[in-house]
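Thanks, everyone. Let me put the model on the screen, and then we'll walk through it.

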Amino acid sequence: MGVSMLLRFSVGNVLSFNEKVSFSMIPSLQKSNNSNLISLGSVNVLRFGVVYGANASGKSNFIKAFHLGLRIISKGISNRVVNDYCKISESNKSNVSIFEYTFFSEGSFFSYGFSCILSQKRIVDEWLYTINPANDTEKVLFLRENENVNGKSVFQIQLTTEDLSRVNTYLLDMKEKHHLLLLGQLKDKKFDSNSNLKIIESVVSWLKNIDVTYPDEPINNLEVLHEDNCERISRILSSFDTGISKIYFEKITLDELQHRIRQTELIQEIREMFIERFEKHPGKLGMLLRGKDEFYKIEGTSIEELEVSVLRLNHHNSETVFEFSDESDGTRRMFDLLDILLTDRDNVVFVIDEIERSLHPVLLYKFFEMMKNEFVGKNIQIIVTTHETHILDQSLLRRDEVWFVEKEETGASKLYSLDVFKERIDKNLSKNYLNGNYGGIPLFDKMER
């Protein structure tokens, strides 16, 4: 699978974003901190995108809008999102909302987007271009108007008779389903290697490499907690001054697991899942399960021989065995973040809302330092929202990696980059931000005595 990275995201008339705004991972001409750049051949992209803003300014709405567009691509416009237009104006209910993603995938640059009327569950337009960064030109792959679907005019690339027949079939199926996108219908399809539609698979590849996480969700996929990683995880947790010296798994019975999580239906689902997987893939299989207060490992070679283990922790200078539920919120959050540091994926965009939740500022700074060191030479991007100013440091982040969201008097959110201020490299960004020099902080009206 080739490299897939984000270059730009634009959105308008969605949640608190009224006019179209754009977030960019394309670097400016800044010369410092080049280790934060990812090379895509002739073009570089940024490693980090860090978005600041006051409460209710629109930081979380930025993440939600980004994610909303992806969900619409996959499933269409659902009843859940019909009211997600920008409500500062009543007319916005019938105005178009815009989502556009510019990205690199498997050797090519793309711009994909669509406009829709959310309240009507109706796609208005949809487009896909390839971009040539050498001469800044675009080539249309397909354009679609929902009211006038015509297979012959949708694609601007040469299609074989067979491909054209397939596309016309998909478009015919969608004719009365105005909430669906063509890309969503094509995303699970396979095309011959000599088909010009093969390029759709490159677009879909990018979609599959995005992880969006919200504050109350664990970031990790739990796979990092396999046996071979326990020693490395123990060293990382110790370096973060959590007090933990060792993590390991202790065997318990399946009945004890059922007693602990008190969800009979879940235990049955796990059994059925293993039965299905054993039928398809004989041999030793395993999975990791996170409960509210515990981590569990389930593995075996048959449904009759499943073994269950629970995560245990040792602390420095203590003979007591600790359970995960004994740990602080901050330590639990570190487990949430482990997948980023230990991921063996070399092609992923992590999008995280409120990354600093439950973390001490010094720990968050150290976490960013570790990411900088671990990810040199890797194709991993991290886009986060945060209040934490400790990481607003030009030795850690480039100016063009820092963004602000601010609510205007109209109630709409605006989005802008720190790079527009052209600060000198020796400026104390954290102090200037807290002093209000860049906006994006709470503004309090004077109270009359």
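Start with helices α9 and α10: they are roughly parallel to each other, because their axes cross at roughly 20°, and an angle under 35 degrees counts as roughly parallel. The axes come within 10 Å. Helix α10 covers residues 361–374. One caution before I go on: this is a predicted model.

Who makes that contact? On the α9 side, Leu337, Ile340 and Leu341. On the α10 side, Phe367, Met370, Met371 and Glu374. By class, the contact residues divide into six nonpolar, no polar and one charged.

Now stay on α9 and look at another neighbour, α6. Helix α6 runs over residues 230–239. What is the angle between α6 and α9? About 120°, with the axes 11 Å apart. The crossing is right-handed.

The residues from α6 are Arg232, Ile233, Ile236 and Leu237. They meet Met334, Phe335, Leu338, Leu341 and Leu342 in α9. Note Leu341. It is listed in the contact with α6, and it is listed in the contact with α10.

Thr331 sits in α9, which spans residues 329–342. Is Thr331 buried or exposed? Buried, because its relative accessible area is 6%, and the cut-off for buried is under 20%. Leaving aside residues up to four places away in sequence, Thr331 touches Thr242 and Ile244.

Next topic: charges. Side chains of opposite charge can pair when their charged atoms come close. How many salt bridges does the structure hold? It holds 17. I'll show three of them.

Arg312 lies in strand β14, residues 307–315, and Glu250 in strand β11, residues 244–252. So the pair ties together parts that are 62 residues apart in sequence. The two partners have their own accessibility values. Arg312 counts as buried, at 6% relative accessibility. Glu250 is partly exposed, at 35%.

Next, Glu256 with Arg260. The closest N and O atoms of this salt bridge are 3.6 Å apart. Both residues are in helix α7, residues 254–261. They are four residues apart there, so about one helical turn separates them. Glu256 is partly exposed, with a relative accessible area of 32%. Arg260 is partly exposed too, with 28%.

Then Glu406 with Lys414. This salt bridge has an N to O distance of 3.5 Å. Glu406 counts as buried, at 18% relative accessibility. Lys414 is partly exposed, at 31%.

Glu106 is in the loop between β6, residues 97–105, and β7, residues 108–117. Its phi is near 50°. That is a positive value in a residue other than glycine. Glu106 is partly exposed, with a relative accessible area of 35%.

Ser358 also has a positive phi, about 70°, although it is not a glycine. Where is Ser358? It is in the loop between β16, residues 347–352, and α10. At 36% relative accessibility, Ser358 counts as partly exposed. That brings us back to α10, the helix that packs with α9 at roughly 20°.

And finally Asn83. Asn83 lies in the loop between α1, residues 59–75, and β6. At 42% relative accessibility, Asn83 is partly exposed. Its C-alpha atom is separated by 7.8 Å from that of Lys93. Along the chain, Asn83 and Lys93 are 10 residues apart.

That's the tour. I'm happy to go back to any view.

Technical notes
Residues are numbered from 1 along each chain as its sequence is written. This is a predicted model: local features need pLDDT of at least 70, side-chain atom pairs count only at pLDDT 80 or more; totals for chains, interfaces and linings use all residues. Side-chain values use heavy atoms; hydrogens and water are left out. Helices (H or I, at least four residues) and strands (E, at least two) are DSSP runs, numbered from the N terminus. Buried means under 20% relative accessible area, exposed over 50%, partly exposed in between (1.4 Å probe, protein chains only). Contact means heavy atoms within 4.5 Å. Axes are lines fitted to C-alpha atoms, for helices over the stretch in contact, and angles run from 0 to 180 degrees between N-to-C directions. A crossing is left-handed if the near helix is turned anticlockwise from the far one by less than a right angle, and right-handed if clockwise. A salt bridge is a side-chain nitrogen of Lys or Arg within 4 Å of a carboxyl oxygen of Asp or Glu. Angles under 35 degrees count as roughly parallel, over 145 as roughly antiparallel, 65 to 115 as roughly perpendicular and the rest as oblique. Ala, Val, Leu, Ile, Met, Phe, Trp, Tyr, Cys and Pro count as nonpolar, Asp, Glu, Lys and Arg as charged, and the others, Gly among them, as polar.
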